[in-house]
Every structure is written in C-alpha cells, then in structure tokens.
Amino acid sequence: MYYGRPNRHLRRGINYSGYVMPFLIIICVGIIVVLLFNLWGAVFGNKKVYGANLHMVSGSASMKTWNTNDFFNLTSDALVLQGDEIRTSSDAKVIMEFFDGTIVRVGGGSDLVLTSLDDSESSPAIDVLLVNGQVWFNKVYKNSKAVISVTTDATSVKSIGSDIFEVENLMDKVVRVVYGDPVKLDILKEDGGKAVETETVGVGQEIIITKDVLAKYRQFQSPSVLMALSDE
C-alpha cells in the first residue's frame, strides 16, 4: 500500500515568523525615526508658539491658565495663551507682545482674559475680555494685521486697521484712538448680546460712557458723547 510522502507542514506546523518579523522591524524602525525627528524639532527647532509674550516692567501680576481655578504669581516674563487670565497689581506696568507683533500695555489693577487667538495667516484675530482696568493697543509699531476685539460687560470694540487705541473699563467705559484708523464701538444690551448702537471713534477722538449715558443708549436715545481727545 502507498501512503505517499509525509507533509512536513502537518507535522511541524507552518512557521510564519519568517514572514512577520521583517514587517515588525520596519514598523518599529519607522516609529523610532518619527520620535527622534520630533524630539530633535522640540529641542533644536524654532517652532513659533502662538500667544503673547508677557513682560513685567514693574509691580506684580498673577495668571490663571485655561481650565484651571487658581491664580499663581508671575515672578518673571511668561508666555500667555488662549484662555489665560491676567491680573495686575495697582502699581503694575505690564507689556504683552502678541504673535502678529501687536503691542499691548496693561494698566495697574487690571483683569483681562485672552478669550480667543486665531493665528491663521489669512485672518488673524485677537479677542480680549477686559473684566476691569485699562489696556493700550499699538498695531502701528510692527504693522500688525490682526483684527482685535476688546469686550467689556457693556461694550465691544473692534479694530480692523492699523491704529493705536485705548480701552478702559473702570467706573466709566472709555475708548480713545490716538493714531491711525478708526475703531468700531458697539454698545451692548444688558444681557451682553446684540448691539443697540454702534459708534465710530476716529483718530484724535474719545468716547466716555457713564452709567447715565449707557442707560440712554439702551433706551435708544442716541446720546452725543463722541468728542476730541482731552488734553490729559
């Protein structure tokens, strides 16, 4: 009787390791190369981080980073990113330079939040919530292109062109344009929603919104409060 030649694969099983191992080695080598490349870029690269470089000139400041609850004291210059909140002491002088070259001076006793930063080349934008205090924006120094919005509890200021302007949120709401293009000022409804009126503040002009003036705006009485900059 003829039984035929015995099948070696049936006796010992098929050995797949000779086929799989080369692919595993290639994958591992690829992963190692990618990790080393990223490590090299992180250590020696010059990747730009989009935010604002905060420089302490005098006084003190504290910061609360996005999605946290506690403030911590800033003892030196720091990088401020979207969602971070800054508070300055009453005697503080703080300078921030944003990713597009916009220079901002923050007054003493101020509280502000970087609500949104858009670093796209086609339409860069900087949105700031000024809880209280004073901020001065200079877009002329480095010909900055970002659209800047500064919001308070009652107003919203938008700067599209190249200008130098100030926004205050203290007892009164104040907008001043020192140089360059005009800015748009929206007076908001009590719930902070839709604007009840829009004013254009040009170079050499200021607008001061007291509680009484704000009430008139919200009653659609259109008070005339736009004036030339004071000597002060």
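The structure, a predicted model, holds eight salt bridges.

| Salt bridge | N to O distance |
|---|---|
| E85 and R87 | 3.9 Å |
| K142 and E97 | 2.6 Å |
| E166 and R176 | 3.2 Å |

The bridge between K142 and E97 joins the loop between strand 9 and strand 10 to strand 6 (residues 93–98), so the pair ties together parts that are 45 residues apart in sequence. K142 is partly exposed, because its relative accessible area is 42%. E97 also has a relative accessible area, 28%, that places it among the partly exposed residues.

The side chains of E166 and R176 form another salt bridge. E166 belongs to strand 12 (residues 163–169) and R176 to strand 13 (residues 173–180), so this pair ties together parts that are ten residues apart in sequence. E166 counts as buried, with 8% relative accessibility, and R176 counts as buried at 18%.

In the bridge between E85 and R87, E85 is buried, its relative accessible area being 11%. R87, at 38% relative accessibility, counts as partly exposed.

S89 lies in the loop between strand 5 (85–88) and strand 6. At 18% relative accessibility, S89 is counted as buried, because the limit for buried is under 20%. Beyond the neighbours within four places in sequence, S89 is in contact with G59, S60, G108 and G109.

The nonpolar interior comes next. In soluble globular proteins, nonpolar side chains tend to be buried together. The largest nonpolar core of this model has 44 residues, of which M96, L112, V135, V150 and F165 touch the most other members. Strand 9 (residues 125–138) supplies the largest share of this core, five residues.

With neighbours within four places in sequence left aside, L112 is in contact with D84, E85, I86, M96, V106, V128, L129, L130, V131 and V135. Among these partners are M96 and V135, which are themselves named with L112 among the core residues that touch the most other members.

L117 is part of strand 8 (residues 111–118). Its relative accessibility is 14%, and L117 therefore counts as buried. Apart from neighbours within four places in sequence, L117 is in contact with G51, L81, Q82, F98, F99, A125 and I126. L117 and Y50 stand 67 residues apart in sequence, while their C-alpha atoms are 8.0 Å apart in space.

V140 is placed in the loop between strand 9 and strand 10 (147–151). With a relative accessible area of 30%, V140 is partly exposed.

Helix 3 (residues 211–218) has V213, L214 and Y217 as its buried residues. They cover an arc of only 100 degrees around the axis, which puts them on the same side of helix 3. The exposed residues K211 and D212 are carried on the face of helix 3 turned away from its buried side. The cover over the buried residues of helix 3 includes strand 14 (183–188), strand 15 (195–201) and strand 16 (205–209). After helix 3 comes F220, whose phi is positive, near 60 degrees.

For the chain as a whole, three helices and 17 strands are found. The protein chain has 232 residues, and 36% of them count as buried. Among contacts in the protein chain with a separation of 6 or more, 46% are between residues 24 or more positions apart. The protein chain exposes about 14,500 Å², and carbon and sulfur atoms supply 56% of this area.

Methods. Residues numbered from 1 in each chain as written. Predicted model: local features only at pLDDT ≥ 70, side-chain atom pairs only at ≥ 80, totals over all residues. Heavy atoms only, no water. Core = buried A, V, L, I, M, F, W, Y, C linked by side-chain atoms within 4.5 Å. Buried < 20%, exposed > 50% of the residue type's maximum accessible area, 1.4 Å probe, protein only. Helix = DSSP H or I, 4+ residues; strand = E, 2+ residues; numbered from the N terminus. Contact = heavy atoms within 4.5 Å. Salt bridge = Lys/Arg side-chain N within 4 Å of Asp/Glu carboxyl O. Arc of directions from axis to C-beta. Areas by Shrake-Rupley, 256 points an atom, 1.4 Å probe, with all protein chains shown as cover.
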